[in-house]
Amino acid sequence: MSTLTLTRRRGLAAAGWLGPVARRLGAGVAVLWAAATAAYLALMLAPGDTIDVLIGDGLDTPERRAQIIAEWGLDRSPLQQYGDYLLRLLQGDLGHSYVLQRGVGEILASQIWPTVQLALTAAAFGVLLALVLALATAGRRSWLGGLVGLSELAVVSVPPFLVGILLLAVFSFTLGWFPVSGDRGFVSLVLPGLALGLQIAGVLGQVLREGLERALEEPFAVTARSRGITEWRLVAGHALRHALLPAVTLTGWFTGALLGGAIIVEAVFGRPGLGQVTVGAVNSKDLPLVMAVVLISALVYVTASTIVDLAYLAIDPRLRRSR
(Lines give C-alpha, C1' and ligand atoms only; values in the text may rest on other atoms or scores of the structure.)
Protein backbone atom coordinates (compact mmCIF):
# COMPACT_ATOMS: atom_id res chain seq x y z
CA MET A 1 0.00 0.00 0.00
CA SER A 2 1.46 3.36 -0.99
CA THR A 3 2.28 6.15 1.43
CA LEU A 4 -0.24 8.41 -0.29
CA THR A 5 -3.04 5.88 0.21
CA LEU A 6 -2.18 5.49 3.89
CA THR A 7 -2.13 9.25 4.33
CA ARG A 8 -5.55 9.57 2.70
CA ARG A 9 -7.02 6.85 4.89
CA ARG A 10 -5.67 8.44 8.03
CA GLY A 11 -7.05 11.79 6.91
CA LEU A 12 -10.49 10.26 6.31
CA ALA A 13 -10.40 8.54 9.71
CA ALA A 14 -9.51 11.81 11.44
CA ALA A 15 -12.26 13.61 9.52
CA GLY A 16 -14.71 10.93 10.62
CA TRP A 17 -13.92 11.80 14.22
CA LEU A 18 -14.19 15.57 13.91
CA GLY A 19 -17.94 15.93 13.40
CA PRO A 20 -19.15 13.54 16.16
CA VAL A 21 -16.56 14.80 18.65
CA ALA A 22 -17.42 18.44 17.95
CA ARG A 23 -21.16 17.73 18.35
CA ARG A 24 -20.68 15.97 21.69
CA LEU A 25 -18.38 18.65 23.06
CA GLY A 26 -20.82 21.31 21.87
CA ALA A 27 -23.70 19.51 23.58
CA GLY A 28 -21.69 19.36 26.81
CA VAL A 29 -20.96 23.09 26.68
CA ALA A 30 -24.65 23.80 26.00
CA VAL A 31 -25.73 21.77 29.04
CA LEU A 32 -23.24 23.61 31.27
CA TRP A 33 -24.45 26.96 29.93
CA ALA A 34 -28.06 25.95 30.60
CA ALA A 35 -27.20 24.89 34.17
CA ALA A 36 -25.36 28.15 34.82
CA THR A 37 -28.23 30.17 33.36
CA ALA A 38 -30.83 28.28 35.40
CA ALA A 39 -28.85 28.91 38.60
CA TYR A 40 -28.56 32.61 37.74
CA LEU A 41 -32.27 32.93 36.99
CA ALA A 42 -33.08 31.19 40.28
CA LEU A 43 -31.08 33.88 42.06
CA MET A 44 -32.58 36.80 40.12
CA LEU A 45 -36.17 35.53 40.41
CA ALA A 46 -36.00 34.57 44.07
CA PRO A 47 -38.53 36.42 46.25
CA GLY A 48 -37.21 39.56 47.85
CA ASP A 49 -34.31 41.87 47.12
CA THR A 50 -31.34 40.22 45.36
CA ILE A 51 -28.91 41.66 47.90
CA ASP A 52 -30.92 40.18 50.78
CA VAL A 53 -31.00 36.81 49.00
CA LEU A 54 -27.21 36.82 48.52
CA ILE A 55 -26.53 37.83 52.13
CA GLY A 56 -28.74 35.02 53.45
CA ASP A 57 -28.23 34.59 57.18
CA GLY A 58 -24.92 36.45 57.07
CA LEU A 59 -24.21 39.77 58.72
CA ASP A 60 -26.02 42.63 56.94
CA THR A 61 -23.91 45.79 56.87
CA PRO A 62 -23.67 48.73 54.44
CA GLU A 63 -20.13 47.67 53.56
CA ARG A 64 -21.28 44.15 52.68
CA ARG A 65 -24.13 45.49 50.57
CA ALA A 66 -21.68 47.67 48.66
CA GLN A 67 -19.43 44.64 48.17
CA ILE A 68 -22.33 42.62 46.72
CA ILE A 69 -23.36 45.43 44.37
CA ALA A 70 -19.79 45.71 43.08
CA GLU A 71 -19.23 41.96 42.74
CA TRP A 72 -22.52 41.17 40.99
CA GLY A 73 -22.77 44.44 39.07
CA LEU A 74 -26.25 45.10 40.42
CA ASP A 75 -25.95 48.76 39.43
CA ARG A 76 -25.75 47.78 35.74
CA SER A 77 -28.30 46.54 33.23
CA PRO A 78 -29.60 42.94 33.57
CA LEU A 79 -27.79 41.90 30.37
CA GLN A 80 -24.47 43.27 31.66
CA GLN A 81 -25.01 41.50 35.00
CA TYR A 82 -25.61 38.20 33.23
CA GLY A 83 -22.56 38.68 31.00
CA ASP A 84 -20.34 39.49 33.99
CA TYR A 85 -21.64 36.39 35.77
CA LEU A 86 -20.77 34.11 32.85
CA LEU A 87 -17.37 35.76 32.47
CA ARG A 88 -16.57 35.13 36.13
CA LEU A 89 -17.51 31.47 35.74
CA LEU A 90 -15.26 31.11 32.70
CA GLN A 91 -12.43 32.51 34.81
CA GLY A 92 -13.12 29.96 37.57
CA ASP A 93 -14.60 32.52 39.97
CA LEU A 94 -17.55 30.87 41.76
CA GLY A 95 -18.31 33.90 43.89
CA HIS A 96 -18.19 34.66 47.59
CA SER A 97 -20.07 33.19 50.52
CA TYR A 98 -21.38 36.10 52.58
CA VAL A 99 -22.42 33.74 55.36
CA LEU A 100 -19.03 32.04 55.81
CA GLN A 101 -17.06 35.08 54.58
CA ARG A 102 -14.89 32.94 52.32
CA GLY A 103 -14.55 32.36 48.62
CA VAL A 104 -16.89 29.64 47.36
CA GLY A 105 -14.08 27.98 45.41
CA GLU A 106 -11.95 27.81 48.57
CA ILE A 107 -14.81 26.23 50.54
CA LEU A 108 -15.48 23.57 47.91
CA ALA A 109 -11.78 22.80 47.42
CA SER A 110 -11.40 22.11 51.15
CA GLN A 111 -14.38 19.71 51.22
CA ILE A 112 -14.34 17.92 47.88
CA TRP A 113 -11.75 15.23 48.70
CA PRO A 114 -13.88 13.43 51.38
CA THR A 115 -16.73 13.31 48.84
CA VAL A 116 -14.40 11.93 46.17
CA GLN A 117 -13.22 9.26 48.64
CA LEU A 118 -16.81 8.26 49.38
CA ALA A 119 -17.77 8.19 45.70
CA LEU A 120 -14.76 6.04 44.75
CA THR A 121 -15.42 3.63 47.63
CA ALA A 122 -19.09 3.32 46.67
CA ALA A 123 -18.18 2.79 43.01
CA ALA A 124 -15.68 0.08 43.95
CA PHE A 125 -18.23 -1.72 46.14
CA GLY A 126 -20.96 -1.41 43.51
CA VAL A 127 -18.88 -2.63 40.57
CA LEU A 128 -17.28 -5.48 42.52
CA LEU A 129 -20.59 -6.76 43.90
CA ALA A 130 -22.27 -6.48 40.50
CA LEU A 131 -19.47 -8.42 38.77
CA VAL A 132 -19.38 -11.18 41.38
CA LEU A 133 -23.16 -11.67 41.46
CA ALA A 134 -23.54 -11.49 37.66
CA LEU A 135 -20.75 -14.01 37.05
CA ALA A 136 -22.10 -16.33 39.75
CA THR A 137 -25.69 -16.39 38.47
CA ALA A 138 -25.60 -15.75 34.69
CA GLY A 139 -26.95 -18.68 32.69
CA ARG A 140 -27.85 -20.65 35.80
CA ARG A 141 -31.49 -21.28 36.65
CA SER A 142 -31.29 -21.88 40.40
CA TRP A 143 -32.59 -20.63 43.71
CA LEU A 144 -29.45 -18.50 44.01
CA GLY A 145 -30.26 -16.59 40.82
CA GLY A 146 -33.80 -15.92 42.03
CA LEU A 147 -32.57 -14.77 45.43
CA VAL A 148 -29.96 -12.46 43.89
CA GLY A 149 -32.52 -10.99 41.47
CA LEU A 150 -34.95 -10.32 44.33
CA SER A 151 -32.18 -8.74 46.41
CA GLU A 152 -31.16 -6.49 43.51
CA LEU A 153 -34.75 -5.32 43.09
CA ALA A 154 -34.97 -4.58 46.80
CA VAL A 155 -31.79 -2.47 47.03
CA VAL A 156 -32.73 -0.55 43.88
CA SER A 157 -36.11 0.31 45.38
CA VAL A 158 -34.79 1.55 48.74
CA PRO A 159 -33.21 5.06 48.92
CA PRO A 160 -29.51 5.09 49.92
CA PHE A 161 -30.14 7.21 53.02
CA LEU A 162 -32.57 4.58 54.36
CA VAL A 163 -30.06 1.81 53.64
CA GLY A 164 -27.51 3.91 55.53
CA ILE A 165 -29.79 4.21 58.56
CA LEU A 166 -30.36 0.43 58.58
CA LEU A 167 -26.62 -0.25 58.31
CA LEU A 168 -25.96 2.16 61.18
CA ALA A 169 -28.62 0.50 63.34
CA VAL A 170 -27.16 -2.98 62.82
CA PHE A 171 -23.40 -2.56 62.46
CA SER A 172 -22.76 0.58 64.53
CA PHE A 173 -25.44 0.87 67.22
CA THR A 174 -26.00 -2.87 67.80
CA LEU A 175 -22.75 -4.63 66.90
CA GLY A 176 -20.37 -1.71 67.31
CA TRP A 177 -18.18 -2.82 64.40
CA PHE A 178 -17.99 0.57 62.69
CA PRO A 179 -17.96 4.20 63.90
CA VAL A 180 -21.27 6.03 63.92
CA SER A 181 -20.02 9.23 62.33
CA GLY A 182 -16.97 11.23 61.33
CA ASP A 183 -13.95 10.56 59.13
CA ARG A 184 -11.60 8.02 60.76
CA GLY A 185 -9.95 6.45 57.76
CA PHE A 186 -11.18 3.56 55.66
CA VAL A 187 -13.18 1.96 58.47
CA SER A 188 -15.50 4.98 58.50
CA LEU A 189 -15.99 4.69 54.72
CA VAL A 190 -17.31 1.11 54.74
CA LEU A 191 -20.92 1.72 55.81
CA PRO A 192 -21.53 4.93 53.79
CA GLY A 193 -19.78 3.30 50.81
CA LEU A 194 -22.08 0.29 51.05
CA ALA A 195 -25.16 2.48 51.52
CA LEU A 196 -24.33 4.29 48.30
CA GLY A 197 -22.86 1.33 46.40
CA LEU A 198 -25.62 -1.23 46.93
CA GLN A 199 -28.06 0.61 44.67
CA ILE A 200 -25.40 0.83 41.96
CA ALA A 201 -24.67 -2.89 42.38
CA GLY A 202 -28.38 -3.71 42.01
CA VAL A 203 -28.83 -1.89 38.71
CA LEU A 204 -25.43 -2.76 37.25
CA GLY A 205 -25.76 -6.41 38.28
CA GLN A 206 -29.07 -6.79 36.43
CA VAL A 207 -27.65 -5.22 33.26
CA LEU A 208 -24.49 -7.34 33.38
CA ARG A 209 -26.40 -10.58 33.95
CA GLU A 210 -28.79 -9.89 31.08
CA GLY A 211 -25.83 -9.03 28.84
CA LEU A 212 -24.02 -12.21 29.84
CA GLU A 213 -27.06 -14.36 29.17
CA ARG A 214 -27.52 -12.80 25.72
CA ALA A 215 -23.83 -13.29 24.95
CA LEU A 216 -23.97 -16.94 26.00
CA GLU A 217 -26.57 -17.55 23.29
CA GLU A 218 -24.45 -16.01 20.52
CA PRO A 219 -22.79 -18.22 17.85
CA PHE A 220 -19.31 -17.59 19.27
CA ALA A 221 -20.40 -19.17 22.57
CA VAL A 222 -21.72 -22.28 20.80
CA THR A 223 -18.43 -22.58 18.90
CA ALA A 224 -16.40 -22.18 22.08
CA ARG A 225 -18.38 -24.90 23.84
CA SER A 226 -17.86 -27.25 20.92
CA ARG A 227 -14.11 -26.80 21.37
CA GLY A 228 -14.35 -27.95 24.98
CA ILE A 229 -13.94 -24.65 26.80
CA THR A 230 -15.20 -24.66 30.38
CA GLU A 231 -18.36 -22.73 31.19
CA TRP A 232 -16.57 -20.49 33.68
CA ARG A 233 -13.86 -19.57 31.18
CA LEU A 234 -16.51 -18.89 28.55
CA VAL A 235 -18.42 -16.56 30.88
CA ALA A 236 -15.47 -14.72 32.43
CA GLY A 237 -13.12 -14.69 29.47
CA HIS A 238 -15.42 -14.16 26.49
CA ALA A 239 -19.04 -13.33 27.32
CA LEU A 240 -18.11 -10.69 29.90
CA ARG A 241 -16.45 -8.47 27.27
CA HIS A 242 -19.71 -8.39 25.29
CA ALA A 243 -21.80 -7.78 28.43
CA LEU A 244 -19.71 -4.81 29.51
CA LEU A 245 -20.74 -2.67 26.51
CA PRO A 246 -24.38 -2.19 27.63
CA ALA A 247 -23.12 -1.43 31.13
CA VAL A 248 -21.14 1.53 29.79
CA THR A 249 -24.41 3.31 29.01
CA LEU A 250 -25.12 3.42 32.74
CA THR A 251 -22.14 5.67 33.42
CA GLY A 252 -24.24 8.84 33.25
CA TRP A 253 -26.78 7.47 35.72
CA PHE A 254 -23.91 6.02 37.76
CA THR A 255 -22.28 9.44 38.10
CA GLY A 256 -25.55 11.17 38.98
CA ALA A 257 -26.35 8.53 41.61
CA LEU A 258 -22.92 8.96 43.21
CA LEU A 259 -23.18 12.76 43.27
CA GLY A 260 -26.74 13.03 44.52
CA GLY A 261 -26.45 10.10 46.90
CA ALA A 262 -23.15 11.21 48.41
CA ILE A 263 -24.63 14.52 49.54
CA ILE A 264 -27.43 12.78 51.46
CA VAL A 265 -25.34 9.86 52.74
CA GLU A 266 -22.68 12.23 54.10
CA ALA A 267 -25.36 14.00 56.11
CA VAL A 268 -26.66 10.67 57.51
CA PHE A 269 -23.19 9.53 58.59
CA GLY A 270 -21.97 12.95 59.73
CA ARG A 271 -19.04 12.89 57.31
CA PRO A 272 -17.24 16.00 56.06
CA GLY A 273 -17.62 16.78 52.38
CA LEU A 274 -19.89 18.48 49.91
CA GLY A 275 -22.93 16.96 51.60
CA GLN A 276 -22.35 18.79 54.86
CA VAL A 277 -21.48 21.96 52.94
CA THR A 278 -24.68 21.76 50.89
CA VAL A 279 -26.92 21.06 53.89
CA GLY A 280 -25.33 23.92 55.80
CA ALA A 281 -25.67 26.26 52.83
CA VAL A 282 -29.36 25.44 52.40
CA ASN A 283 -30.07 25.89 56.11
CA SER A 284 -28.27 29.24 56.21
CA LYS A 285 -29.72 30.40 52.87
CA ASP A 286 -26.21 30.68 51.42
CA LEU A 287 -27.34 30.81 47.79
CA PRO A 288 -23.92 31.49 46.16
CA LEU A 289 -22.62 28.27 47.71
CA VAL A 290 -25.71 26.29 46.68
CA MET A 291 -25.39 27.59 43.12
CA ALA A 292 -21.74 26.53 43.02
CA VAL A 293 -22.55 22.99 44.17
CA VAL A 294 -25.17 22.73 41.41
CA LEU A 295 -22.68 23.91 38.80
CA ILE A 296 -19.93 21.54 40.00
CA SER A 297 -22.39 18.63 39.90
CA ALA A 298 -23.42 19.55 36.37
CA LEU A 299 -19.76 19.78 35.31
CA VAL A 300 -18.94 16.32 36.66
CA TYR A 301 -22.05 14.80 35.09
CA VAL A 302 -21.43 16.37 31.68
CA THR A 303 -17.75 15.38 31.74
CA ALA A 304 -18.56 11.75 32.51
CA SER A 305 -21.29 11.60 29.86
CA THR A 306 -19.04 13.16 27.22
CA ILE A 307 -16.23 10.71 27.97
CA VAL A 308 -18.66 7.80 27.61
CA ASP A 309 -19.95 9.14 24.29
CA LEU A 310 -16.40 9.49 22.97
CA ALA A 311 -15.55 6.01 24.23
CA TYR A 312 -18.47 4.63 22.23
CA LEU A 313 -17.10 6.32 19.12
CA ALA A 314 -13.80 4.54 19.72
CA ILE A 315 -15.47 1.18 20.40
CA ASP A 316 -17.90 1.22 17.48
CA PRO A 317 -16.64 2.92 14.28
CA ARG A 318 -20.14 2.69 12.77
CA LEU A 319 -21.24 5.53 15.04
CA ARG A 320 -18.60 7.81 13.50
CA ARG A 321 -19.83 7.05 9.98
CA SER A 322 -23.54 7.40 10.75
CA ARG A 323 -23.41 10.79 12.47
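Predicted model: local features only at pLDDT ≥ 70, side-chain atom pairs only at ≥ 80, totals over all residues.
1. Let's start with helix α3, which spans residues 62–72 and has Arg 64, Ile 68 and Trp 72 as its buried residues. Viewed down the helix axis, these buried residues fall within an arc of 50 degrees, so they line one face of α3. On the face turned away from the buried side you will find the exposed residues Pro 62, Glu 63 and Ala 70.

2. Leaving aside residues up to four places away in sequence, Tyr 85 touches Ala 36, Ala 39, Tyr 40, Trp 72, Met 291 and Leu 295.

3. Now for the charged pairs: how many salt bridges does a search of the whole structure find? The search gives three. In one of them, the side chains of Arg 65 and Asp 52 meet at 2.4 Å, N to O. Arg 65 belongs to helix α3 and Asp 52 to helix α2, so this pair ties together parts 13 residues apart in sequence. Both ends are partly exposed, Arg 65 with a relative accessible area of 25% and Asp 52 with 38%.

4. Another salt bridge joins Asp 84 and Arg 76, whose closest N and O atoms are 2.4 Å apart. Here Asp 84 is partly exposed, at 23% relative accessible area, and Arg 76 is partly exposed too, at 41%. Arg 102 and Glu 106 also form a salt bridge, with 3.5 Å between the closest N and O atoms. Arg 102 counts as partly exposed at 32% relative accessibility, as does Glu 106 at 49%.

5. Asp 286 deserves a look of its own. Where does Asp 286 lie? You will find Asp 286 in the loop between α12 (274–283) and α13 (287–315). Asp 286 is buried yet has no salt bridge, and the nearest side chain of opposite charge, that of Arg 102, is 9.6 Å away. Not counting residues up to four places away in sequence, the contacts of Asp 286 are Ser 97, Tyr 98, Val 99, Leu 100 and Ala 281.

6. A word on the record: an unreviewed UniProt entry lists "transmembrane region" for residues 21–43, 118–138, 150–173, 185–204, 243–269 and 289–315. In the model, residues 21–43 are 100% helix and 0% strand, with the end C-alpha atoms 34 Å apart. Residues 185–204 come out at 75% helix and 0% strand, and their end C-alpha atoms lie 27 Å apart.

7. Finally, the overall picture. The secondary structure comes to 14 helices and two strands, and 37% of the 323 residues count as buried. Among contacts with a separation of 6 or more, 73% are between residues 24 or more positions apart.

Technical notes:
Residues numbered from 1 in each chain as written. Heavy atoms only, no water. UniProt positions renumbered as here; feature names shortened; annotations may be inferred. Helix = DSSP H or I, 4+ residues; strand = E, 2+ residues; numbered from the N terminus. Buried < 20%, exposed > 50% of the residue type's maximum accessible area, 1.4 Å probe, protein only. Lys, Arg positive; Asp, Glu negative; His and termini not counted. Salt bridge = Lys/Arg side-chain N within 4 Å of Asp/Glu carboxyl O. Contact = heavy atoms within 4.5 Å. Arc of directions from axis to C-beta.
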